[in-house]
Amino acid sequence: YIGDCIMAFWNAPLDDPDHAEHALCAPLDMHATLSSLNEVRKVQAEAEGKKFVPIKVRTGLNTGSCIVGNMGSEHRFDYSVIGDDVNLASRLEGANKFFGTNIMASEATIEHSKGAVEARELGRVRVVGKAGPIRVYQPLARKGDLSEDWKKVLPRYTEGIACYNRRDYPGALGCFEDVLSVFPEDGPSLLYVKLAGDYAALPPP
């Protein structure tokens, strides 16, 4: 526990060959449970005539090399992990705010999971401490567990990202608007609709 944060890590102290898959599935389960909890809390709040404030959680995931072991002194120590790749996971947790998402994973974690989850590309972000941009993704479900609505619109979302990356902003706008017709509060689509609309009117250099 770190303030209002929980840090978890896999593949230590015992080897875990499926550490990336386990790291991705943990927040999927956490957010599913949280959604159910918020539904119960909402009913309770309404029954008691109180204002309902949902509990929200953001997760950042990254895979890489780090130092692991007992950190500190002989009087006070903690078994933990430190390193640049740990810091990146923390940065990605905060970057969720920009995209309006609740789970963000680096490209390294998605690649190491070997297709264990259904995920969509969010884009590339530049974080403190890294020279180049990092490609990031949002895990949506375990492989094969994608909802029917997402099966319908995910190809349009993927097409929208491709259009946006090749500067076809009107094409991207149409794709993301199609996603919003099914998921009107989808954070990434709302973001890209705004960006694509602005860039269609005034293209960036």
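Predicted model: local features only at pLDDT ≥ 70, side-chain atom pairs only at ≥ 80, totals over all residues.
The largest nonpolar core holds 27 residues, and Phe 99, Met 104, Val 125, Val 136, Tyr 157 and Tyr 192 have the most contacts inside it. I took a nonpolar core as a set of buried Ala, Val, Leu, Ile, Met, Phe, Trp, Tyr and Cys residues joined through side-chain atoms within 4.5 Å. Buried means under 20% relative accessible area, exposed over 50%, and partly exposed in between (1.4 Å probe, protein chains only).

At least two residues of this core come from each of α2 (84–99), β5, β6 (134–142), α4 (148–165), α5 and α6. Helix α4 supplies the largest share, 7 residues. Helices (H or I, at least four residues) and strands (E, at least two) are DSSP runs, numbered from the N terminus. I also noted a second, separate core of 10 residues, with Leu 28, Leu 61, Ile 103 and Tyr 137 among them.

On conventions, I recorded that residues are numbered from 1 along each chain as its sequence is written. Local features need pLDDT of at least 70 and side-chain atom pairs count only at pLDDT 80 or more, while totals for chains, interfaces and linings use all residues; side-chain values use heavy atoms, with hydrogens and water left out.

**Aromatic pairs**

I applied the ring rule next: rings of Phe, Tyr and Trp (its six-membered ring) pair if their centres lie within 6.5 Å, with planes under 30 degrees apart counted as stacked, over 60 as edge-to-face and the rest as tilted. The count by this rule is 9 aromatic pairs. Phe 9 and Tyr 79 form a tilted pair, 6.1 Å centre to centre with 35° between the planes. This pair links distant parts of the chain, 70 residues apart: Phe 9 is in the segment before α1 (19–47), and Tyr 79 is in strand β3 (residues 77–82). Phe 9 is partly exposed at 27% relative accessible area, and Tyr 79 is partly exposed at 35%.

I then turned to Phe 176 and Tyr 192, which are stacked at 5.0 Å centre to centre and 15° between the planes. Phe 176 lies in helix α5 (residues 169–182) and Tyr 192 in helix α6 (residues 187–201), so the pair ties together parts 16 residues apart in sequence. Both Phe 176 and Tyr 192 are buried.

**Arg 120**

Is Arg 120 buried or exposed? I found Arg 120 buried, with a relative accessible area of 2%; it lies in strand β5 (residues 117–125). Its charged end sits over the ring of Tyr 157, 4.6 Å from the centre; the criterion is NZ of Lys or CZ of Arg within 6 Å of the ring centre and within 35 degrees of the ring normal. The side chain of Arg 120 also makes a polar contact of 2.7 Å with the side chain of Gln 138. A polar contact is a pair of N or O atoms within 3.5 Å; within protein, one must be able to donate a hydrogen and the other to accept it, and residues adjacent in sequence count only if both atoms are side-chain atoms.

**Arg 156**

I looked up Arg 156 in helix α4, which is partly exposed at 27% relative accessibility. Its side chain makes polar contacts with the side chains of Glu 159 (2.9 Å) and Asp 178 (2.7 Å).
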